[in-house]
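Me: I've got a structure open and want to get my bearings. Can you walk me through it?

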Amino acid sequence: MEAVAEGLWSLAEQHEQRREIREAVKCLEAICQSPVSFLPIVEIKTRLRLAALLLKHSHNVNHAKSHLERSQLLLKSIPSCFELKCRAYSLLSQCYHLVGAIPSQKQMLNKGLELAAVSGEGFAGKLWSCNFNSQLANALIIEGDYHGSVSALQQGLTIAAEMFYPELQWDSTSLVEESVNGCNLIWESLEPDKKQQCLGLLFYHELLQLFYLLRICDYKTAAQHIDKLDAVMKSDLQRMQHIRDLTNELEALNQTLSRPDLNYKDRSALSEKQTNLEEQLSNYRGENSTGKETLEPAYFGNVKRAWTEKLELAPHPIDGEWLPRSAVYALVDLMVVVFSRPKGLFKECQKRIESGIQIIEEELVELGITEGITEVVLQHSAIWMAGVYLMLLMQFLENKVAIELTRSEFVEAQEALVQMRSWFIRFPTILQACESTMEILRGQYAHSAGCYDDAAFHFLEASKLTQSKSLQAMSHIYAAVSFICIGDAESSSKAVDLIGPVFDVIDSFIGVREKTTALYTYGFLLMRQQNFQEARIRLASGLQITHTYLGNLQLVSQYLTVLGNLALALHDTGQAREILRSALTLAKKLNDVPTQNWVLSNMTALYQQAGERGSEMENTAYQSRKADDLQQRLNAARSKAHHDELIARVKLQVHQLSEHEMKRAMAGPSNTIDLDIPESVGLAAPSPMPSSARLMDVDIGRLGKRRL
């Protein structure tokens, strides 16, 4: 009977390689349902294989769980079989995760850790301990037990260090900078061939480095990682296309070989070609992608993952992945957008946004998320990955809003914001972390429309919806800008109350985003108070930091405009002329119509002060055309049905979930903290009016007063 089992296993493997999953399952079920008994070890291996197939290629989690539970019962009567017992624990952990039974998952993983600790299996036991600790850390994160998660990761790191297995020493999580430096040392200790074997680890390393560098505003170093990531992604895309082409060719060849009327000569030639194609496929896929060396993948929360989607972080038995291939591709596109947007590379940004959103929408459809589907009816097994893709989608749309506001395309910005609102209303629990960003963007949009009271309301609401000190500070700065633009004494006092506390602790923030916005706003307030010398010091300092670290063209343009206005106030027309020309050049490059109007209004004042009547008239005519252009853009946005809804001083209304529905939806990625990839929101740009009433943009949008 063992020979029969071996034959059915081999046949099932062939069917799986041809993506004939139903036939593969039938081969394995024939063993389990046979009236003639097989040896327990044969049945155990078969059920484990069946469970792995079902988890990888279907949503039939309960069926897979039944096979695994039966395997566990059989394994209890067998004293050895360490490897099979560990595989059963690992796969059952995945099943419990997918159905949202986190306590049962933790119990299963703890049993696995106990077995690995007392097994005496040496190296293999330590590897499985790393597997179980990684999964346990993930489960604890879902429950919000971050200290417990860090402890599990530290335990896995200790075990990996004992084995001197640097591929597994990735989960170090302490202080961010120490972790980054530690990860760099581990990565550099890997041999080149090992780096290539686990492509997922390469993406993971580069993206984590990039997150950190963008957060500390080291854009120069980040550029190197962006280029490397993009090159690796494009190379992998080409490899995957070759694999698809070979697979399609092989499937067509197999269909031909299945014809009974094929003569011997043709069959022999085609069989030789079949062998050749299979060898090519094996070479392209690599040793770790054949599926022959392990019964189960460690999905870490992902539902079904064919080998083509999987980017492995480590060799068997870890076989873990951080994100599926499509999500990593989308994330690389997102990083290019985040890096390119401040530089005004909008064409590249738009291309990447379209690419990323297309990837995400295709994956959401695969997860059953089509028009009208909400989180209440979402399959439980799809919640985790749905959360990943929805979060990425919101990041792309957030950046689209930012770009369109910068380009003065207010209608397009409104449409992207409406899309964000629609997704949030349908998935309020999964996207809970996005609520504060949504309010900031509503504030940015309201400010662009000249609705400063409404804008301040949304910014202050955003500060209440986040636990991030950084986002709270930025929200208060934005609100201060809106209050300054209102212009009365009471509003100016509110602005002082908001910006003062932020400025007092400005050096406590990581990076310089908060500092540049606070310096600008504080400098602007000093100008309003006629404290020109102190204002110049603050603004010059902020401009230097912005130019050195951020490279944000819009922010630089607006800083220059304020400094040009300041030079006019000090009657330094020579310096004012030079500064304002530079500001106008940058504003034109960005198609930033409000800032262009702002600069032109200052230049009109300059020509008046210098007595250049001809230049003044010419500039005034040009400014008038630009003002009309801006007014038409704003009128177009105000005429849309969603305009009033977006700026209204009410929070987004969502369906109130029951306690059961809430727990179910919260089984996805952690939704109690704000994303930090890093934040895309920032101060926004102004419009034509006396220069003293203009404010600017740090990362997106347009905060500044307009004469409408």
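Me: Let's start with α11 and α14. Which residues of α11 meet which residues of α14?
Reply: On the α11 side they are Leu199, Phe203, Leu207, Leu210, Phe211 and Leu214. On the α14 side they are Arg325, Val328, Leu331, Val332, Met335, Val338 and Phe339. Bear in mind that this is a predicted model.

Me: What about α14 and α15? At what angle do they pack?
Reply: About 155°, with the axes of α14 and α15 9 Å apart. Here an angle over 145 counts as roughly antiparallel, so α14 is roughly antiparallel to α15. The crossing of α14 and α15 is left-handed.

Me: Which residues make that contact?
Reply: From α14, they are Ser326, Tyr329, Ala330, Asp333, Val336, Val337 and Ser340. From α15, they include Glu348, Cys349, Arg352, Ile353 and Glu363. The contact of α14 with α15 divides into eight nonpolar, four polar and four charged residues.

Me: Zooming out. How many helices and strands does the protein chain have?
Reply: It has 29 helices and zero strands.

Me: What share of the residues count as buried?
Reply: 57% of the 708 residues in the protein chain.

Me: And the contacts between residues at least 6 apart in sequence: what share join residues at least 24 apart?
Reply: 68% of them.

Me: New topic. How many disulfides are there?
Reply: Zero in this structure.

Me: Okay, cysteines then. Is Cys86 buried or exposed?
Reply: Cys86 is buried, at 0% relative accessible area.

Me: And is Cys81 buried or exposed?
Reply: Cys81 counts as buried, with 19% relative accessibility. The limit for buried is under 20%, so Cys81 falls inside it.

Me: Where does Cys81 sit?
Reply: Cys81 is in the loop between α4 (61-76) and α5 (82-98). Its backbone stands out too. Cys81 has a positive phi of about 60°, although it is not a glycine.

Me: Why point that out?
Reply: Because most residues other than glycine have a negative phi.

Me: Got it. What is the phi of Ser408?
Reply: Ser408 has a positive phi of about 65°, and it is not a glycine. Ser408 lies in the loop between α16 (383-406) and α17 (410-426).

Me: Is Ser408 buried or exposed?
Reply: Ser408 is buried, at 1% relative accessible area.

Me: Now Arg442. Which helix is it found in?
Reply: Arg442 is in helix α18, residues 435-448.

Me: Buried or exposed?
Reply: Arg442 is buried, with a relative accessible area of 2%.

Me: What is Arg442 in contact with, leaving aside neighbours within four places in sequence?
Reply: Its contacts are Leu417, His458, Glu645, Leu646, Ala648, Val650, Lys651 and Leu652. Arg442 also belongs to the set of α18 residues that meet α19, and His458 is in the α19 set.

Me: How do α18 and α19 pack?
Reply: At an angle of about 165°, with the axes of α18 and α19 8 Å apart. That makes α18 roughly antiparallel to α19. Their crossing is left-handed. The residues of the contact of α18 with α19 divide into six nonpolar, five polar and four charged.

Me: Last one, Lys640. Where is it found?
Reply: Lys640 is in the loop between α27 (613-638) and α28 (643-647). Lys640 is partly exposed, with a relative accessible area of 38%.

Me: What does Lys640 contact, beyond neighbours within four places in sequence?
Reply: Val411 and Gln414.

Me: And how far apart are the C-alpha atoms of Lys640 and Glu415?
Reply: 9.5 Å, though Lys640 and Glu415 are 225 residues apart along the chain.

Terms used. Residues numbered from 1 in each chain as written. Predicted model: local features only at pLDDT ≥ 70, side-chain atom pairs only at ≥ 80, totals over all residues. Heavy atoms only, no water. Helix = DSSP H or I, 4+ residues; strand = E, 2+ residues; numbered from the N terminus. Buried < 20%, exposed > 50% of the residue type's maximum accessible area, 1.4 Å probe, protein only. Contact = heavy atoms within 4.5 Å. Disulfide = S-S within 2.5 Å. Axes fitted to C-alpha atoms, helices over the stretch in contact; angles between N-to-C directions. Parallel < 35°, antiparallel > 145°, perpendicular 65-115°, else oblique. Left-handed = near helix turned anticlockwise from the far one by under 90°. Nonpolar A, V, L, I, M, F, W, Y, C, P; charged D, E, K, R; others polar.
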